[in-house]
Amino acid sequence: MALFRRLFYRKPPDRLLEISERVYVFDCCFSTETLEEDEYKDYMGGIVTQLNDYFPDASFMVFNFREGDRRSQVFDILSEYDMTVMDYPRQYEGCPLLPFEMIHHFLRSSESWLSLEGQNNVLLMHCERGGWPVLAFMLAGLLLYRKQYTGEQKTLEMVYKQAPKELLHLLSPLNPQPSHLRYLQYISRRGLEWPPHDTPFFLECVILTIVPNFDGKWGCRPIVRVYGQDPLTPANRSSKILFSSLKSKRRISHYRQADNSPIKINVRCRVQGDVVIECIHMDDDLEREEMMFRLMFNTAFIQSNVLLLSREEIDTVWNAKDQFPKDFKAEVLFSDLDAVESDTTTDVAGDEDETDVASIEEFFEAEEIFSNADWQDGKRDSEVSMSQIKTTLEDVFSKSDTSNLVDEMRSVSEPSRAEQESEILVTIGDGVEGLKLKLYLLQNDQKL
C-alpha cells in the first residue's frame, strides 16, 4: 500500500508545504526574512499559477494570521485571484493562541470547506512575520479535529518539525507548548457540548507551592496580572486587565525558598472564557520586570474549581526551567459565582485608578477594625479621642501583610464607598471629629 501511494504521489506546487490532503502552508511562513512588496506579489503570483495548474477545478480558501486589525497584504493580493481570504489575529494577550471561540470558528470553517460534497476545495495557510507559533497550533488542532492524527503532543511536535527548530525560539520568547497542549486537549474533548458552556468563575488566588529562583538567591518578588474578557459585558469581545497585584510597591513581598512556605497571591476577580495569567518577578529596584511564567486557559474546562499545573505545564522562558524546582506547582483556585457576594468590587480592580482602589480597601479594613472593637453597634465609649483612632489606624497600615484582614472581609457584604464613609463617620463621631477621621482615611499616604 505504501508503494502504491508513492507511485501515485504528486509533488505539491513549489513554495508550498503539504500538511495533509488539500491543506498547504506557504513556505514563507518558515522564514524570518521579509520580502519587498514587489517581491511578495511575484512570490504569491507564482504560487497561484501553479495551484491553478495543479487543481484546475478547485476553489481556494486562505487563512491568514496577522498582527493588528488592518487588512492584510495577502488579502489584497489573493483577492484579485478570486480567493477567499480570512484574517485572524496571531496572539491573545501575549500568548501565541487565539480565544477558544476563534479556534472553534476556524475548525468548523475548515472542516466545512474541505468536506463540501462534489467539490475539490483546497485550504491554504499563511501567517505574517511572527505568526508561526499560532499557525502551528492551528494546524495541529485541525489534524486532531478531523481525526487525521491522535495524541496532542505527538501531533503538535510533528507540526513544529516542519519549520527550523530555532524559528519557534525566535518568534516566541516563552515556550508556548504547555498552553498549546492544554487547548489541544480542549479540542480533543469533542464529547462535551461544542462549543462548551462558558461558565463564569471567581478567581480566588494563585499559589506557588515552592519559591522559584529569580533573584539569584532562591527567592523572588512576585506580582500577578490577569487578562480576559469582562464577564459583566459579554457583548464586548475585547480583552482587558481584570486584575493586577501591582497596586503599591510597598506591598510587593520578597519570598525565599529557605522560608519553606508557599506563596499565595490573592486575586479575587470574576473570570469567564479565555484567561491569561502572568506571574512576574520584580527586581530589587522595583522598576524592572522579569517574566516568571504565563499560562492561558478557558473556564469552560475548569474542573473541581482548581487548575493544578506542574513546571512542565506553564509557559516559561526557554532557558528558565532550572529556576523552578522539579516539584514546583502552580495552583489556581476558583469559587462558583453563586457562592460569592454579588456586589464584590474586585472584578473591576484592573481598570480602576490604583489610588482609588487603595482608598476603598482602606475603608474596608478600617470598617472591619471598628466592627471588631464593638464600635459599629454603638457600644464604643463616646469619649474615644481622635488620637486613639489615629494610633489604631497607623498600627494597622504598618503591618506588612494585610491578606488576613482581606480574607475576613470576603464574607462581609461590601457597601459602596459613600455608604462606608457615612457608616464610619456615624459610628465614630460626628461634626468636626468625624470630618477629621474622613480626611485622615482619604489622605493617608500609606496606600495599599
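Which residues of strand 5 are buried on one side, and which on the other? Val 122, Leu 124 and His 126 lie on one side and Leu 123, Met 125 and Cys 127 on the other, and with these residues buried both faces of strand 5 are covered. Here, buried means under 20% relative accessible area, exposed means over 50%, and partly exposed lies in between, as found with a 1.4 Å probe on protein chains only.

The structure is a predicted model, in which local features need pLDDT of at least 70 and side-chain atom pairs count only at pLDDT 80 or more, whereas totals for chains, interfaces and linings use all residues. Residues are numbered from 1 along each chain as its sequence is written, and side-chain values use heavy atoms, with hydrogens and water left out.

Helices (H or I, at least four residues) and strands (E, at least two) are DSSP runs, numbered from the N terminus. Two strands are said to pair if DSSP finds at least two bridges between them.

Strand 5 comprises residues 122-127, and six of its six residues are buried. Strand 3 (residues 60-66) runs parallel to strand 5 and is joined to it by six bridges. In this pairing Phe 60 stands opposite Val 122. Strand 2 also pairs with strand 5 in the parallel sense, over three bridges.

Strand 1 (residues 16-20) runs antiparallel to strand 2, and four bridges join the two. Leu 17 is placed opposite Val 25. Strand 1 and strand 2 form a hairpin with two residues between them, and Arg 22 in the turn has a positive phi of about 65°.

Strand 12 (residues 274-282) and strand 13 are joined in the antiparallel sense over nine bridges. Within this pair, Glu 278 stands opposite Arg 294. Contact means heavy atoms within 4.5 Å.

Another open sheet of four strands has the order 11-6-15-14, again with antiparallel pairing. Its edges are strand 11 (263-271) and strand 14 (306-310), each with a single partner strand, so one side of each has no neighbour in the sheet. The twist here averages 15° from one strand to the next. Strand 14 and strand 15 (residues 329-336) run antiparallel and are joined by five bridges, with Ser 310 opposite Lys 329.

| Strand pair | Sense | Bridges |
|---|---|---|
| Strand 1 and strand 2 | antiparallel | four bridges |
| Strand 2 and strand 5 | parallel | three bridges |
| Strand 3 and strand 5 | parallel | six bridges |
| Strand 12 and strand 13 | antiparallel | nine bridges |
| Strand 14 and strand 15 | antiparallel | five bridges |

**Helix 4 and helix 8**

The axes of helix 4 (residues 100-115) and helix 8 (residues 177-188) come within 12 Å and cross at roughly 55°. Helix 4 is therefore oblique to helix 8; angles under 35 degrees count as roughly parallel, over 145 as roughly antiparallel, 65 to 115 as roughly perpendicular and the rest as oblique. Phe 100, Ile 103 and Leu 107 of helix 4 make the contact with Tyr 183, Tyr 186 and Ile 187 of helix 8.

**Two residues in loops**

Glu 93 is found in the loop between strand 4 (84-89) and helix 4. Although Glu 93 is not a glycine, it has a positive phi of about 50°. Its relative accessible area of 25% makes Glu 93 partly exposed. Ser 304 is located in the loop between strand 13 and strand 14. Ser 304 is not a glycine either, yet it has a positive phi of about 60°. With 70% relative accessibility, Ser 304 counts as exposed.

Notes
Axes are lines fitted to C-alpha atoms, for helices over the stretch in contact, and angles run from 0 to 180 degrees between N-to-C directions.
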